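Hi there,

Here is the structure I promised to pass on to you.

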Amino acid sequence: MGKKSDGKVLAQNKKASHDYFIEDTYEAGMVLTGTEIKSLRNGRANIGDAFATIRNGEVHIHNMHISPFEQGNRSNPLDPTRTRKLLLHKVQINKLLGLSKQEGYSIVPLKIYIRNGYAKLLIGLGKGKKQYDKRDTAAKRDAQRDIQRALREKQKVAR
């Protein structure tokens, strides 16, 4: 049998790139129940308000909402936003701990996807943007869009 290919993105935090400068990313496994992974595969997850913390040498994610599975049994968790444990190597946890202690840094979930049959969470070390940084980023994006539009128009005229 061949290697399983990477699956589609199940949930994405679009606000993260708007609110943070993402400096480093890590791929973490998640500790889930059977019905949670079924619901996750159906795309019933939201990580818009989620954040990660490090306690007792373990990384936990808070406020990640996974809707209960409709055909689930009594193993369905009662709280869809319960705290879930993330699986990382000890070296990665220590590096994240040291960097996240600095002023303005936080651990932000970026996206959930399936890799080789396992649910993975991409977390990033983000430094919060100020309001003027957000405006500057938007202005650069708009300028780049205008440049691309002008180049396309010029190519149409040249033909």
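Below is what I found, going from the whole chain to a single pair of side chains.

Please keep in mind that this is a predicted model. The protein chain contains four helices and nine strands. If you trace it from the N terminus, the elements come in the order β-α-β-α-β-β-β-β-β-α-β-β-α. The chain is more spread out than a compact globule, because its radius of gyration is 19 Å, well over the 15 Å that the globule rule gives for 159 residues. You can also see this in the overall extent: the C-alpha trace spans about 65 × 40 × 35 Å along its principal axes.

Next, the domains. Domain 1 covers residues 8-128, and domain 2 covers 131-158. Taken over C-alpha atoms, their centres are 33 Å apart.

How much of the chain is buried? Of the 159 residues, 33% count as buried. The accessible surface comes to about 10600 Å², and carbon and sulfur atoms account for 50% of that. As for contacts, take those between residues at least 6 apart in sequence: 70% of them join residues at least 24 apart.

Finally, a closer look at the rings. Which residue lies over the face of Tyr113? That is Lys111, at 5.7 Å from the ring centre. I also looked for aromatic pairs, where the ring centres have to lie within 6.5 Å, and the count came to zero.

Enjoy exploring it, and write back with any questions!

Best wishes

Conventions. Residues are numbered from 1 along each chain as its sequence is written. This is a predicted model: local features need pLDDT of at least 70, side-chain atom pairs count only at pLDDT 80 or more; totals for chains, interfaces and linings use all residues. Side-chain values use heavy atoms; hydrogens and water are left out. Rings of Phe, Tyr and Trp (its six-membered ring) pair if their centres lie within 6.5 Å; planes under 30 degrees apart count as stacked, over 60 as edge-to-face and the rest as tilted. A charge sits over a ring if NZ of Lys or CZ of Arg is within 6 Å of the ring centre and within 35 degrees of the ring normal. Domain bounds come from an automatic or database domain assignment. Helices (H or I, at least four residues) and strands (E, at least two) are DSSP runs, numbered from the N terminus. The radius of gyration is taken over C-alpha atoms; the globule rule is 2.2 Å times the number of residues to the power 0.38. Buried means under 20% relative accessible area, exposed over 50%, partly exposed in between (1.4 Å probe, protein chains only). Contact means heavy atoms within 4.5 Å. Accessible areas come from the Shrake-Rupley method with a 1.4 Å probe; for residues, only the protein chains shown count as cover.
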